[in-house]
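Please read them with the sequence and the structure open beside you.

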Amino acid sequence: ERVDPAAAADPDLHLNRATLLQYLERFQAALEGLSRAAELAPGWDEPRRRHGHLLEFLSRLCALLANRVRHWGALGGTGRDWEGIGRDWDGPGGAGRGCGRSLTPPC
């Protein structure tokens with residue numbers, strides 16, 4: 001894959017790509033793109049705001065899934081149907097996989 005150096009330094013393109021990745025539910029890559037956009041444009045609040053919103057969404061999603069799995073277990077289910085959910089999200093620090101750990105603030 002060839003990368004245009006001018007495009008690689010454009011925070012708008014990183015923000016747009018991160019938005020697309022978020023809709024594709026590739027949350028780790030979306031968080032990385034938002035962080036890169038924030039690094040490239042330190043005075044621009046939009047990437048940080050979206051990063052925070054995405055982290056909040058993922059936190060809520062993890063809480064809902066944990067509650068759903070507990071409820072499912074109480075009904076006799078194994079929770080195996082839920083095993084793959086949240087795996088794409090590695091967290092902004094890259095520590096661990098999926099849900100169940102503390103969130104770090106955006107860049």
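1. Basis. This is a predicted model, in which local features need pLDDT of at least 70 and side-chain atom pairs count only at pLDDT 80 or more, while totals for chains, interfaces and linings use all residues. Residues are numbered from 1 along each chain as its sequence is written, and side-chain values use heavy atoms, with hydrogens and water left out.

2. Confidence. The mean pLDDT (the predictor's confidence in each residue, from 0 to 100) of the protein chain is 78, and 63% of the residues reach 70 or more. In residues 91–97 the pLDDT is below 50, and the model gives this stretch 15 contacts beyond near neighbours in sequence. A contact means heavy atoms within 4.5 Å. Residues 101–107 also have pLDDT below 50, with 19 contacts beyond near neighbours in sequence.

3. Overall content. The protein chain has four helices and zero strands, in the order α-α-α-α from the N terminus. Both kinds of element are DSSP runs, numbered from the N terminus: helices are H or I of at least four residues, strands E of at least two.

4. Burial and surface. Of the 107 residues of the protein chain, 27% count as buried. Buried means under 20% relative accessible area, exposed over 50%, and partly exposed in between (1.4 Å probe, protein chains only). The accessible surface comes to about 7100 Å², and carbon and sulfur atoms hold 53% of it; areas come from the Shrake-Rupley method with a 1.4 Å probe, and for residues only the protein chains shown count as cover. Among contacts between residues at least 6 apart in sequence, 49% join residues at least 24 apart.

5. Helix α2. The 13 residues of α2 should span 18 Å at 1.5 Å a residue, and the end C-alpha atoms are 19 Å apart, which agrees. The expected span is 1.5 Å times one less than the number of residues. Which residues of α2 are buried? They are P11, H14, L15, A18 and L21. These residues lie on the same side of α2 because they cover an arc of only 125° around the axis, the arc being that of the directions from the helix axis to the C-beta atoms.

6. The cap of α2. D10 caps the N-terminal end of α2, with a side-chain oxygen 2.9 Å from the backbone nitrogen of D12.

7. The loop. E25 sits between α2 (11–23) and α3 (27–40). E25 is not a glycine, yet has a positive phi of about 65°. Is E25 buried or exposed? E25 counts as exposed because its relative accessibility is 54%.

8. Helix α3. The buried set is F27, Q28, A29, A30, L31, G33, L34, S35, A37 and A38.

9. Q28 is buried, at 11% relative accessible area, and its side chain makes a polar contact of 2.8 Å with that of E32. A polar contact is a pair of N or O atoms within 3.5 Å; within protein, one must be able to donate a hydrogen and the other to accept it, and residues adjacent in sequence count only if both atoms are side-chain atoms. S35 counts as buried at 15% relative accessibility. S35 and P11 are 24 residues apart in sequence, and their C-alpha atoms are 9.7 Å apart.
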